[in-house]
Amino acid sequence: MEISESQKTIGENSPSFNSFPLRLYKDDLETLRGWLGPLDAEMEAERSRLLKSHLSGTRKWLLDTLFEFLAPMDSNASKNDDKVLWLCGNAGVGKSVMTAFCAKELEERDLLAGMFFAKHDEPSRNSAPNLIKTLAFQLCMWNPKFGQILLAMKQTQEGRDIVYDRTPIDKMFSVLISDPLVQIALENPHQSPIVLVVDALDETGKLGHRSAILQVFSVHWKKLPSYVKLLVTSRPEYDIFTYFSHLKTRELKATDDQNNKDAIIYATHFLRKLKAHPTVIRKGTDLLVKKSGGLFVWLVLSCKFLESSKIITIELIESLDDGNTENGMNILFGSSFDRMFSSTSPPFLSAVLFAIVLVCEPLTAEDFSKLLNIKISDVNLAVDILKSILNIDEHGKIRIFHKSVADYLTDPKCCIDPRFAINYSEQHSVILTHCFNVLNKDLHFNICEVGPELLHADIPDFGSHVSKISKHLIYSAKFWISHALLCSSEGVETISKQNEKLLDLFSATHLLHWVEVLSVCHSLSITQILLPQLVPHISTVKTANLLMDLKRLVGEYFKLISHSALLVYHSALVLCPEDTGLFKIYYSNFNSMKLPKVITGKDQHWSPCLATFEGHTDQVNGVAWWASTDGEISLIASASGDNSVRLWDAFTGIEIQQFLGHTKGVNSVAFSKDGTKLVSGSYDKSIKLWDIET
């Protein structure tokens, strides 16, 4: 590729990762991996997958924008705005492929220090905490000094608590990324520039629920050393525009001349690859580009459609509806699926397709085989038939090519063919059944084979122990409640009678085994957030009571179980009130473990006190409670005579944040309606307004 002079100067003196002495790595790196739970392997796989869609010779114009942004600052340049470059564009213009291309070019110049590709329909990849923890781990790989700082932090109580997903994002960012980068800058004032890349920021959290991560990238990033740069892409959604409008911006429009030139290169290349007649290549390229309206997603899918035809003709290309109309995309999808679901298609094809579309995170063919109880050879056959609308990464994880495909299949107004139209509620119920079958078959005590006296952080190579849990079992443990809640629709039972029976068996046998898996997978908050949403839909009173007992038990000992999964048996269960259904069933079930027995002073029933929050050093004068409308966030604020206001996670009892500034005791506190601000009144005769997200 031809490189401009400005591109040549960037990164010439930047040390590569391999140039640093690797004093940390191997054991220390695995320790950091076990602590942070990063998605670095998934990010590498996603970049590799996206780069397969990048055609050499396209998107070169983007490099000029990127390296102009990275060039040494002009003395008159804003020292805030030049730290972040925002690439914004509507769906379908190819932002993710562009991001992967930029990440590759940056890496080749030893400028890339971390990357994250968000995904709206994968919980692990639409999580702001996972974004921060993944970038932090990648920074450890960029510079061992960064890793040493985090290793020291891990040994502290703050370090143990900071990795909880419910930790405020700004605090997590400060401890895991900002503070170490500042420390490195102090020790090396001439540190060469590095770039962190974040793709599809709009898919990190829901609209209205991602202000914290937007604050981090638009406000807190300004406080980082000047050598740290951010390349971020997203759709131009209102909340993102509000936060990012002052940043250096490159708008990506489908109608841009540069984008159209790339579309011409892509269409010409594909028609030549299909060995079309020269006349068809010339006229067909113009037709495809015009019909695409600059949308690369339409262009790619249309070319895949043409690939299945024996002879490429102008008439065939003309038959494609324009890509800039919703109907055109639907007709294209309908034609593609009609060919796949022919009279000779195997009967399991729809089951595999529906599962690929509806699972909460992508799985491999082997995982689908075990989850759905379909032979691996049959799953592979189905994947081969569906390959034109699928993407498979280097780890074998299978996902739908583009969100618009899933939207088509699940919209009864668009897709009416019973062979491949997805009944959303019914198919989630089917997956729920498979999840219960896996859980009831595979869960067991001490699934990671570790000692009960050990904290996760103290277990050497803890990640290898967690890897003993099969992926389809982890999937079932993390997402069975999500599928149960997604079964709900008008006129349809939330949980079918068959699934009620499977849930009864699971609740009477495997609840603590389930908690064990959630603990090692950093997913304990599911018991506090989703279980209360599910219980009202359960008809079996005994099962509903067991699940609520479990919520109380995990809530009371959340931090304990988070640090050591087996303490759910050896401590939490032992202290569970004896008149609860949970204790009566499970304490006797685990009698062979010779669990301790509390002789006196133990409660017989759950206390009316749901939780105790401790930390203030003087009397508490006022409290306030706020919960989000979706039930996923619940906060408590307290005002104390120790001059502080404290913010607590109501689900876990963990202190989230302290607000210091009053010079005398604080006697009142209240939330704003949207839960983003606090107001406090003090004996120092002042009222203070606090921003929770900064």
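Let's start with Glu46 and Arg399, which form a salt bridge with their closest N and O atoms 3.5 Å apart; the term means a side-chain nitrogen of Lys or Arg within 4 Å of a carboxyl oxygen of Asp or Glu. Glu46 sits in helix H3 (residues 40-51) and Arg399 in strand E8 (residues 397-400), so the pair ties together parts that are 353 residues apart in sequence. Helices (H or I, at least four residues) and strands (E, at least two) are DSSP runs, numbered from the N terminus. Please keep in mind that this is a predicted model, in which local features need pLDDT of at least 70 and side-chain atom pairs count only at pLDDT 80 or more, while totals for chains, interfaces and linings use all residues. Residues are numbered from 1 along each chain as its sequence is written, and side-chain values use heavy atoms, with hydrogens and water left out.

Are the two partners buried or exposed? Glu46 is buried, with a relative accessible area of 3%, and Arg399 is buried too, at 7%. Here buried means under 20% relative accessible area, exposed over 50%, and partly exposed in between (1.4 Å probe, protein chains only).

## Other salt bridges

The whole structure holds 27 salt bridges. One of them joins the side chains of Lys468 and Glu449 at 3.1 Å, N to O. Lys468 is in the loop between helix H22 (462-466) and helix H23 (471-486), and Glu449 in the loop between helix H21 (424-442) and H22, so this pair links parts that are 19 residues apart in sequence. Lys468 is partly exposed at 42% relative accessibility, whereas Glu449 is exposed at 52%.

Another pair is Glu556 with Arg552, whose closest N and O atoms are 3.2 Å apart. These two residues are 4 residues apart in helix H28, which separates them by about one helical turn. Glu556 is partly exposed at 37% relative accessibility, while Arg552 is buried at 15%. Elsewhere, salt bridges that share partners join Glu46, Arg49, Glu122, Arg125 and Arg399 into one network.

## The second largest pocket

The second largest pocket contains about 800 Å³ of space. On a 1 Å grid over the protein atoms alone, a pocket is an open set of points where a 1.4 Å probe fits, with protein on both sides within 12 Å along at least five of seven lines; lining residues have an atom within 4 Å of a point. Its volume is the space filled by probe spheres set on the points, which are joined across faces, edges and corners.

Which residues lie nearest the centre of this pocket? They are Phe613, Asp649, Phe651, Thr652 and Gly653, out of a lining of 36 residues. H28 gives the most to the lining, with 5 residues. By class, the lining has 17 nonpolar, 8 polar and 11 charged residues. In this scheme Ala, Val, Leu, Ile, Met, Phe, Trp, Tyr, Cys and Pro count as nonpolar, Asp, Glu, Lys and Arg as charged, and the others, Gly among them, as polar.

## A three-stranded sheet

An open sheet of 3 strands runs in the order E13-E14-E15 with antiparallel pairing; two strands pair if DSSP finds at least two bridges between them. Strand E13 (666-671) and strand E15 (687-691) stand at the edges with a single partner strand each, so one side of each has no neighbour in the sheet. Strand E14 (residues 677-682) and E15 pair over 5 bridges, and Val679 stands opposite Leu689 in E15.
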